[in-house]
Amino acid sequence: MVGSLKYFELWALKFSAFLAGSFFCFFLQSQFQIRAVVAAALTGFLGTFIPDTKRIEKTHVHATIYMGAFIAMGSRVVDAGPWQILWVSVLGSTIYFLISPYFKGMGGRLGLIAFISSLLGWAMRHWL
């Protein structure tokens with residue numbers, strides 16, 4: 001699948017990128033009162049400056065950072081705080097890791113995963 005990367009290492013890379021994107025967007029919104037869309041755009045823009053190595057390209061780190069920014073941009077997760085962001089990042093990176101081989105070439109994949117993750121995080125917060 002991805003050469004020498006083992007599954008856990010691949011998931012950990014995706015989780016780290018997802019968490020970094022969502023926390024940075026959350027940080028911009030909560031500390032600097034930047035609007036959600038601008039904070040997500042800035043997060044995605046800064047994420048593009050990560051050097052594009054062969055390993056980074058195969059793990060889709062840039063897309064994962066942007067998906068993390070989607071989470072913090074479009075959900076009520078930001079209102080809940082950093083623990084909710086952490087939980088939703090675990091959910092989102094796991095969903096992305098599991099279904100990405102099946103959604104090759106389909107548009108809207110990142111937004112769909114961000115939406116499902118936000119919805120699951122919100123539901124678990126209120127029902128558990």
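**Close-up views of helix packing in a predicted model**

**View 1. Helix 7 and the residues it buries.** Helix 7, which covers residues 109-127 and has 19 residues, reaches 27 Å from its first C-alpha to its last, close to the 27 Å expected at 1.5 Å a residue; the expected span is 1.5 Å times one less than the number of residues, and helices are DSSP runs (H or I, at least four residues) numbered from the N terminus. This is a predicted model, in which local features need pLDDT of at least 70 and side-chain atom pairs count only at pLDDT 80 or more, while totals for chains, interfaces and linings use all residues. Residues are numbered from 1 along each chain as its sequence is written, and side-chain values use heavy atoms, with hydrogens and water left out. Leu110, Ile113, Ala114, Ser117, Ser118, Gly121 and Ala123 are the buried residues of helix 7, where buried means under 20% relative accessible area (1.4 Å probe, protein chains only). Their cover includes helix 4 (61-73) and helix 6 (82-99).

**View 2. The packing of helix 4 against helix 7.** The axes of helix 4 and helix 7 lie 9 Å apart and the two helices pack at an angle of about 45°, with axes taken as lines fitted to C-alpha atoms over the stretch in contact and angles running from 0 to 180 degrees between N-to-C directions. Helix 4 and helix 7 are therefore oblique to each other, a class left over once angles under 35 degrees (roughly parallel), over 145 (roughly antiparallel) and 65 to 115 (roughly perpendicular) are set aside. Their crossing is right-handed, meaning that the near helix is turned clockwise from the far one by less than a right angle. Ala63, Met67, Phe70 and Ile71 of helix 4 make the contact with Leu110, Gly111, Ile113, Ala114, Ser117 and Ser118 of helix 7, contact being heavy atoms within 4.5 Å.

**View 3. Helix 1 across helix 4.** The axes of helix 1 and helix 4 come within 7 Å and cross at roughly 40°, which makes helix 1 oblique to helix 4. This crossing, too, is right-handed. On the helix 1 side the contacting residues include Phe18, Ser22, Cys25 and Gln29, and on the helix 4 side they include Ile65, Gly68 and Ala72. Within helix 4, the buried residues include Ile65, Gly68, Ala69 and Ala72.

**View 4. Gln29 and Leu28 in helix 1.** Gln29 lies in helix 1 (residues 7-32) and is buried, with a relative accessible area of 14%; its side chain reaches the backbone oxygen of Ala72 at 2.9 Å. Leu28 counts as buried because its relative accessibility is 6%. Apart from neighbours within four places in sequence, Leu28 is in contact with Gln33, Ile34, Ala39, Leu42 and Thr43, and the C-alpha atoms of Leu28 and Ala40, 12 residues apart along the chain, are separated by 8.8 Å.

**View 5. Ser89 and Ile95 in helix 6.** Ser89 of helix 6 is buried, with a relative accessible area of 0%, and touches Phe15, Phe18, Leu19 and Ser22 when residues up to four places away in sequence are not counted. Ile95 counts as buried at 17% relative accessibility. Its contacts, leaving aside neighbours within four places in sequence, are Ser100, Ile113, Ile116, Ser117 and Leu120. The C-alpha atoms of Ile95 and Ser118 are separated by 11 Å, with the two residues 23 apart along the chain.

Technical notes
Buried < 20%, exposed > 50% of the residue type's maximum accessible area, 1.4 Å probe, protein only. Polar contact = N/O pair within 3.5 Å; in protein donor to acceptor, adjacent residues only side chain to side chain.
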